[in-house]
Structure formats: C-alpha cells, structure tokens
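Please look over the chain shown below.

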Amino acid sequence: MESNEPRRFVVLDFYRFVAALGVFIFHLKTIDGGISPAWNGSFGLFVDMFFILSGFVIAYSYPSTSTDAQSYFRFMVRRIARIYPLHFLALLVFGLLLLMGVKGATPQSNGPDFIYNLFLVQAWGVTDHLSFNSPAWSISAELFCYLLFPVLMCIAASVRPLVLALIVALSYAILAHAYLPIWHDRSQMYGANFDYGMLRAMPSFLNGVLLAVLFRLSGDYRKKPVIVGGIVLFLTAVLVLNVYAKPDLAIILFSLALLFTAVGESAFSRFPGSAWLGPLGNTSYAIYMLHELLIIILFEPAWRHLGLQPAAFPLFVAVCCIVLTIVAGLTYAYVENPARRMINRLAPPLPQPQIAPEADAVEVGESLRAATGR
C-alpha cells in the first residue's frame, strides 16, 4: 500500500474549496428564518462529493501493491495526521464553549459524546444526536472508510471495472433507496450523520475508488479539452443541488465531473492558475471543520448586532466566505501542516525512499479532507 504517482489535481482541490463553502452557506442560512428560499439548496450533499473525491485521490495515490502490516500502519498514520489535529483542536474549543454556556454550542453534548468524538466514532451509530463540532461526523465516517481501505482496494483489484461499477451502483441502491430503519432523517441515507453516517460514506468512497480505476484506463483520452467537460458537469451538479435537489442525479454528475476533470487536467504539465487554485484547495478542510465554530462565535453575533435584514444576506455571505477563507488559510499554515508533519514522523519509512508521498487530498475528507476528509 505504498504511495505512488504524486500528481496533485489542483482543479479537484478547487472543487473541494467550492464544496466546503457550499456546506458553510447551507448552515449559515439558518441564522434568519426570513432568508430567501433561493438559498435553500441541498448543499449538504456536497459532503457526498467529498467522500467520492477522497476515495478517488487516495485510491489513485495508493494502488495497493503492498498489503503488509507495516504499509497499512504507515497509511493510517498519514491519514490520521491529515484529519485529526484540526479535529482535536476544534473539539477542545467546542468543549470549552459548552462549559462556558455559549448559546448554540451543541447543548446536547455530554461526557460520552466527548469520548465518541475524541476517538472519531460518533458517526458509527453509537449515539442518537450530533454533538460538539457537528460537521466532524463526516470525518468519523472517513475514518471508517480508511480502516476498510485495503479491503476496498482488494475488491477493486479482483474484479473487472464493469463489475466494480455494478457493485457501486448496488451499494447506492441498497443504502440510498431501500427502506432501512437505521436512518433517522426522512431523506434516509442522504440525511444521515450520527445515524450510521459511515454507511452513507461507503458507497461514495467506493465510487471514488472506481473512478481511480477508470482514470488509470483513460490514457488515450487525456486531452486538454476534456477538462472543459468536467468543469461544465461540476457546475451542472451545483445547479442541480441548488434548484432541483436531486441527490442521485447530483452524485452521477459529480462522479463524471471528477473523472473528466482529472483526465483533462492530467494533459497539462501545470494547469493555468495552479498558483492560486492550490492554496485555495489547502483551505478547504479548515473551512469545513471550523465554519460552525465561526458561525457561533462570530457570524451569527455579527448578524444580530448589526441588525441585518434578509435582503443583506448575499453581501453578508460574501464577506463571511472571505473571512472564513482567511482564517482557514492561517489555520492550514500554522496548525494543520506543522501538526501533520510532526505526526507523519511516526510513520515507518517507505522501503523505496525515492517514491514520493501521496498527493495532498480531502478528506471531509478528506477532506474530509473532507471531508473528504483529507
């Protein structure tokens, strides 16, 4: 499970940045009940794109040519180094806010919830509510996918791409459409978080693994114009989320967008605008992990203090996005990156030092990020 092909897809990183801001707006709109319904898009489904993107980039970076215990340990150390430091910091801050009685700081949170969050199992069906930094449920789901990653790669390597595609489709069909009593939300899988949110992540993460397989077969199609199709598909997916709220269609469009974009971008030695696309992509994980905290301690109090009306929401969103991006950039430079480097020293060295480390990616988780979690 050694890392390979260290290319970074900066356009995919930018998609992750846009998606993180979309999730932020999805939560920010609740500060005033009078905000126009035009902002009521299903941007929470960007989380599912994080899972797809995370599966793609990690499967691309780790072709699973080695499955020994040392390689798996190295893989897990590097994944934890990517997602855990900022999660731990946010958890401590939310715990402090809860002790101070700050309004809006997840009042249902309790001692067991802190333990669940500390070990990132809060999305594994162990509780019946969100707690502390609620967006971190998706990082918990990402961790579950990381733990099963060798199994998923084994499945991908042992079947033909068409069979893998059928497995992915079947996993969506079972979890997203068949009635399952484990889902708490009326939208079932696409509304899951604490209620077995890791099962929500699995189809999309495996979908990303499938996209990595298809990407490796795309050599004859790696032409620069292909990326235009990828960008159009991504914008169409965003439109679908904002206007039509069709999760199945959005998943298909996101999947095609990520594949076409990666295929097209691979034709460039350096994609135009990489100098600013890359840094924006770096902020996506912190945007996702810190946005609820900033809503509680800064953005919502500012909205109330300034006496803003719903008509001012578009301008308010723009200012908040800029502030959040700046904070996320500083967090990446002074918290995430240094902590990741420090933890990565615990990972056993590669048996072939000349192989470069994996491309930086989401994981939501990625990425999340974020989300993706990377």
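Which residues of H5 are buried? They are Trp137, Ser138, Ile139, Ser140, Ala141, Glu142, Leu143, Phe144, Cys145 and Tyr146. The model is a predicted one. Helix H5 spans residues 137-147 and is mostly covered, with 10 of its 11 residues buried. Its buried residues pack against H2, helix H3 (69-100), helix H6 (149-158), H8 and helix H12 (284-305).

**The whole chain**

The chain has 13 helices and 0 strands. From the N terminus on, its elements run α-α-α-α-α-α-α-α-α-α-α-α-α. Of the 374 residues in the chain, 55% are buried. The accessible surface is about 15800 Å². Carbon and sulfur atoms hold 69% of that surface.

| Pair | Axis distance | Angle |
|---|---|---|
| H2 (residues 46-61) and H8 (residues 197-216) | 7 Å | about 45° |
| H1 (residues 10-28) and H12 | within 9 Å | roughly 25° |

Start with H2 and H8. Their axes are 7 Å apart and meet at an angle of about 45°. That makes H2 oblique to H8. The crossing of the two helices is right-handed. On the H2 side, the contact is made by Val47, Asp48, Phe51, Ile52, Ser54, Gly55, Phe56, Ile58, Ala59, Tyr60 and Ser61. H8 brings Arg200, Ala201, Ser204, Phe205, Asn207, Gly208, Val209, Leu211, Ala212, Phe215 and Arg216. By class, this contact has 13 nonpolar, 6 polar and 3 charged residues.

Now take H1 and H12. Their axes come within 9 Å and cross at roughly 25°. Angles under 35 degrees count as roughly parallel, so H1 and H12 are roughly parallel to each other. H1 passes H12 in a right-handed crossing. H1 contributes Arg16, Phe17, Ala20, Leu21, Val23, Phe24, His27 and Leu28 to the contact. From H12 come Ser284, Ile287, Tyr288, His291, Ile295 and Phe299. This contact has 10 nonpolar, 3 polar and 1 charged residues.

Leu249 sits in helix H10 (residues 247-265). Is Leu249 buried or partly exposed? Its relative accessible area is 40%, so Leu249 is partly exposed. Leu249 and Ala237 are 12 residues apart in sequence. In space, 7.8 Å lies between them, C-alpha to C-alpha.

Technical notes. Residues are numbered from 1 along each chain as its sequence is written. This is a predicted model: local features need pLDDT of at least 70, side-chain atom pairs count only at pLDDT 80 or more; totals for chains, interfaces and linings use all residues. Side-chain values use heavy atoms; hydrogens and water are left out. Axes are lines fitted to C-alpha atoms, for helices over the stretch in contact, and angles run from 0 to 180 degrees between N-to-C directions. Helices (H or I, at least four residues) and strands (E, at least two) are DSSP runs, numbered from the N terminus. Angles under 35 degrees count as roughly parallel, over 145 as roughly antiparallel, 65 to 115 as roughly perpendicular and the rest as oblique. A crossing is left-handed if the near helix is turned anticlockwise from the far one by less than a right angle, and right-handed if clockwise. Contact means heavy atoms within 4.5 Å. Ala, Val, Leu, Ile, Met, Phe, Trp, Tyr, Cys and Pro count as nonpolar, Asp, Glu, Lys and Arg as charged, and the others, Gly among them, as polar. Buried means under 20% relative accessible area, exposed over 50%, partly exposed in between (1.4 Å probe, protein chains only). Accessible areas come from the Shrake-Rupley method with a 1.4 Å probe; for residues, only the protein chains shown count as cover.
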